[in-house]
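Trainee: I have a new model open on my screen and would like to learn how to read it. Could you walk me through a few features?

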Amino acid sequence: MSDSIPEDIGRLLADGVASLEGLEVLLLLRKERVRAWPLDEIARRLSIPQSSIEPALEEPVRYGLIEHERSSAGEIWRFAPRTPELDALVDRLASIYEDRRLEVMRLLSAHAMERIRNSAARAFADAFVIGRKKDG
Amino acid sequence: MAEAVYLLCALTSLVCAVLLLRGYRASRTPLLFWSCLCFVGLAVNNVLLFVDLVIVPDYNLRVLRAATALTSLALLIYGLVVAEAK
Amino acid sequence: MSTADMVNIFVQGGCAMACWVIGLFFLRYWRVSGDRLFLFFLASFWAFALSWIGLIAFNPADDTRHWFYVARLVAFLLMIAGIIDKNRRSARRP
């Protein structure tokens with residue numbers, strides 16, 4: 001009997017990956033990790049519109065999984081985990097995703113729901129601040 | 001004494017409604033819209049309470065009061081359950 | 001007991017239940033966001049619930065009924081306190 005998805009993978013999914021598109025992009029870039037990927041190439045390989053890919057790349061870049069370079073040729077992204085631990089973590093994520101795809105997707109959508117609830121709560125609470133305050 | 005309470009409650013409700021409306025225009029979060037409606041309704045409810053107290057107690061008004069309260073709360077529950085966010 | 005009385009009690013019961021549920025939602029929001037405002041609001045709405053339950057349970061003569069509306073005052077005071085507290089905290093944050 002399989003046990004639930006390990007906590008560190010869960011955290012990676014919540015903070016570093018954040019969406020199903022993010023996961024697909026991450027794993028694609030990882031498969032051919034040496035090359036640099038322009039946005040249209042990623043879009044073509046995954047059959048996802050470019051407009052969905054750019055926001056999906058934000059979290060992995062911020063987390064230190066993907067590198068973003070802006071050159072004269074254009075913008076490219078590369079799979080480049082900041083530490084070897086992250087690299088190993090993504091390896092485990094890739095294998096888990098292969099075996100238990102549905103579970104991973106369910107976990108991702110649960111995170112998405114939580115994020116929505118969080119933003120609604122924050123918007124509600126922030127409404128009661130009288131007078132303009134700068135965002136912390 | 002009770003009159004002051006109801007007026008204070010109506011005023012507080014109104015203030016909450018205004019704040020939530022402002023918040024809704026800033027963030028467009030549906031929850032804030034429904035919350036705003038709820039507090040408007042609660043303000044109406046408290047004004048009705050005041051009217052009921054200051055003028056002669058009127059039984060018909062009692063059901064109307066309770067109905068406005070229930071409707072307002074139902075709107076808030078709708079916002080919380082269904083229409084939480086964009 | 002007239003029909004109006006019965007309808008009134010029914011609706012008041014509905015309000016009490018609604019406030020219970022709304023309080024629970026605010027409880028979850030407090031857990032999710034950590035913002036103390038939600039604690040004030042949930043206490044406020046549960047105070048509303050108590051005021052309605054009190055009205056139904058004790059059904060006092062009109063004169064003494066006012067004491068139950070103190071619960072309503074408490075509820076709104078909690079709300080005001082929550083808003084003031086929120087603004088104080090936001091002002092402190094740079």
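Trainee: Among contacts in chain B between residues at least 6 apart in sequence, what percentage join residues at least 24 apart?

Mentor: Two residues are in contact if their C-beta atoms, placed from the backbone, lie within 7 Å. In chain B, 70% of the contacts between residues at least 6 apart in sequence join residues at least 24 apart. Before we go on, note that this is a predicted model, in which local features need pLDDT of at least 70, side-chain atom pairs count only at pLDDT 80 or more, and totals for chains, interfaces and linings use all residues. Residues are numbered from 1 along each chain as its sequence is written, while chains are lettered from A and ligands numbered from 1 in the order in which they are written.

Trainee: How many helices and strands does chain B have?

Mentor: Helices (H or I, at least four residues) and strands (E, at least two) are DSSP runs, numbered from the N terminus. Chain B has 3 helices and 0 strands, in the order α-α-α from the N terminus. Its C-alpha trace spans about 45 × 20 × 15 Å along the principal axes.

Trainee: Why does Tyr78(B) count as partly exposed?

Mentor: A residue is buried if 20 or more other C-beta atoms, placed from the backbone, lie within 10 Å of its own, exposed if 12 or fewer, and partly exposed in between. Tyr78(B) counts as partly exposed because it has 15 C-beta neighbours inside 10 Å. Of the 86 residues of chain B, 45% count as buried.

Trainee: Where is Tyr78(B) found, and which residues does Tyr78(B) touch beyond four places away in sequence?

Mentor: Tyr78(B) is in helix 3 of chain B, residues 59-81. Leaving out residues up to four places away, Tyr78(B) touches Trp34(B) and Ala83(B).

Trainee: How many residues of chain A are in contact with chain B?

Mentor: Here 9 residues of chain A contact 11 residues of chain B. The chain A side divides into 6 nonpolar, 1 polar and 2 charged residues. Ala, Val, Leu, Ile, Met, Phe, Trp, Tyr, Cys and Pro count as nonpolar, Asp, Glu, Lys and Arg as charged, and the others, Gly among them, as polar.

Trainee: Which residue is the bridge partner of Glu67(A)?

Mentor: Two strands pair if DSSP finds at least two bridges between them. In chain A, 6 bridges join strand 2 (residues 66-71) to strand 3 (residues 74-79), and the two run antiparallel. The partner of Glu67(A) is Arg78(A) in strand 3.
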